[in-house]
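Here are my notes on the model you sent. They go point by point, from the whole chain down to single residues.

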Amino acid sequence: MTRRRGYALLAALAAVVTLISVGIFTMVRTPATTVTAGSSGSTGSSSGVSSGVPASGTWTGTWAAAPVGPEPGTPNGLPGSTIRNVVHTSIGGSMARITLSNLFGTRPLKITQASIAADGVLRAVTFDRRGYVTIPAGGQTISDAIRIPVPGNHDVTVSLYTPSPSGPVTYHPHARQISYVTTNGATVESPYWRYVTALDVHTWQASGAVVALGDSITDGITSTTGANHRWTDGLAERLDGRYGVLNEGISGNRVLLPGIGQSGLTRFDRDVLGRSGARTVIIDLGVNDILRLPHQLDARQITDGLQELAQRARARGLHVVGSTLTPFGGHPGVTPQLEAVREQVNATIRAGGIFDTVVDFDKALRDPYAPQRLLPRYDSGDHLHPSDAGYGAMAAAIDLDSLSRSAPARA
């Protein structure tokens, strides 16, 4: 073989390798999405600091928190502050993207620096390939895809710098996780998540996400801070990376009426159907409809609301798991009339016809000798919210096989 022919052959081989590489690592660039109030949004993102998104694999939620309301005492936002939100993942992936919300803001929110840190690696976050973004009042935005390895069952820090006044901060008050705010060089601890409402990863392993829609019991309001002992954390450990688990609990939330946060019926599309990779929803709502003023004393109204949520989920192809309402005997203000409503709701749920699958959280937590009350070791002390052990019992009560059953979309 002549030297010239040898060079030609090498060049041809190099071209073939290049074509194969391009085929395997094809990157797709879609722009970061800013959504105005009332819009259904989009899951598209651009490549950010990475060169793009691999053609295989899927975007799946690894963490989420529902926006609850405007943070008290922040009429001008947190100008000149760096907000470091610490969140805990359920599954891992090779890339990440974040969702930021200005749902309760009254002015555009400017973010001029953003970053994500995971397992000792720090990356800048971009929005349509820019290091800054302005989110309109009532809107949200999804970042570009950031090439950073995100492990499952680990803490991740999402940092945001807000340079100017922006109106009230959109926040989640009961994070049960310590985050941080730095202003004028002084750093303080914070029990809130601010602006960030979702963290997605690009994954080949997970088969989708399980979204938990609930109240303070799902929010984990009495779980140990920083220990990740909510029942959704226990479920994520049991699933071991097979599904992302997204906690959309809001303390005080109701099915039918607004209270603390929008009602379950109002926020369902955003907080459940809008989550990346959502495949199954677990609905644990109804206790506050009974306990909070105005008391809902017609059990049928509550079960009808739960049925509407289930129908909307099925219409989008989600499998629907529903829970019975947990015991609240001994909690201040509980009367025999309120207990009777709880028992009527549970009887309807157990009879079937509302959910595709039922998880009996009531049975998992109740004292067999006083079934209207929590088992003492599962009681946090207020006779309503579980202890860490109680949250663990809830996670253990869920049939993992039920989460993988698909529900066909229905009209």
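1. How many helices and strands does the secondary structure of the chain come to? The chain has 10 helices and 26 strands. Keep in mind throughout that this is a predicted model.

2. Some totals for the chain come next. It has 411 residues, and buried residues make up 52% of them. The accessible surface is about 16900 Å², and 54% of that belongs to carbon and sulfur atoms. Among contacts with a separation of 6 or more, 79% are between residues 24 or more positions apart.

3. In soluble globular proteins, nonpolar side chains tend to be buried together. In this chain the largest nonpolar core holds 34 residues, and the members that touch the most others are Phe268, Val272, Val281, Leu306 and Phe355. Two or more residues come from each of strand 20 (209-214), helix 4 (264-273), strand 22 (278-284), helix 5 (287-291), helix 6 (299-315) and helix 7 (336-351). Helix 6 contributes the most, with six residues. There is also a second, separate core of 33 residues, which includes Trp63, Ala96, Val125 and Ala175.

4. What is it in contact with, leaving aside neighbours within four places in sequence? The list is Ile283, Leu306, Ala310, Arg314, Val320, Val321, Gly322, Ser323 and Ile349.

5. On the strands: six of them form an open sheet with antiparallel pairing, in the order 10-9-14-6-16-17. Strand 10 (121-124) and strand 17 (186-190) are at the edges; each has a single partner strand, so one side of each lacks a neighbour in the sheet. From one strand to the next, the twist averages 20 degrees. Within this order, strand 6 (residues 81-88) and strand 16 (residues 179-183) run antiparallel and are joined by four bridges. Arg84 has Tyr180 in strand 16 as its bridge partner.

6. Leaving aside neighbours within four places in sequence, the contacts of Asn288 are Asp215, Gly252, Asn253 and Arg254.

7. Ser223 sits in the loop between helix 2 (216-219) and helix 3 (231-239). Not counting residues up to four places away in sequence, Ser223 touches Arg176, His229, Arg230, Asp388 and Tyr391.

8. Some backbone angles deserve a check. Most residues other than glycine have a negative phi, and most peptide bonds are trans. Asp119 is not a glycine, yet it has a positive phi of about 55 degrees. Asp119 is in the loop between strand 9 (113-118) and strand 10, and at 56% relative accessibility it counts as exposed. Asp240 likewise has a positive phi of about 55 degrees without being a glycine. Its place is the loop between helix 3 and strand 21 (244-249), and with 65% relative accessibility Asp240 counts as exposed.

9. Which form does the peptide bond from Leu293 to Pro294 take, cis or trans? This bond is cis, with omega near -10 degrees. Pro294 lies in the loop between helix 5 and helix 6.

Key
Residues are numbered from 1 along each chain as its sequence is written. This is a predicted model: local features need pLDDT of at least 70, side-chain atom pairs count only at pLDDT 80 or more; totals for chains, interfaces and linings use all residues. Side-chain values use heavy atoms; hydrogens and water are left out. A nonpolar core is a set of buried Ala, Val, Leu, Ile, Met, Phe, Trp, Tyr and Cys residues joined through side-chain atoms within 4.5 Å. Buried means under 20% relative accessible area, exposed over 50%, partly exposed in between (1.4 Å probe, protein chains only). Contact means heavy atoms within 4.5 Å. Accessible areas come from the Shrake-Rupley method with a 1.4 Å probe; for residues, only the protein chains shown count as cover. Two strands pair if DSSP finds at least two bridges between them. Axes are lines fitted to C-alpha atoms, for helices over the stretch in contact, and angles run from 0 to 180 degrees between N-to-C directions.
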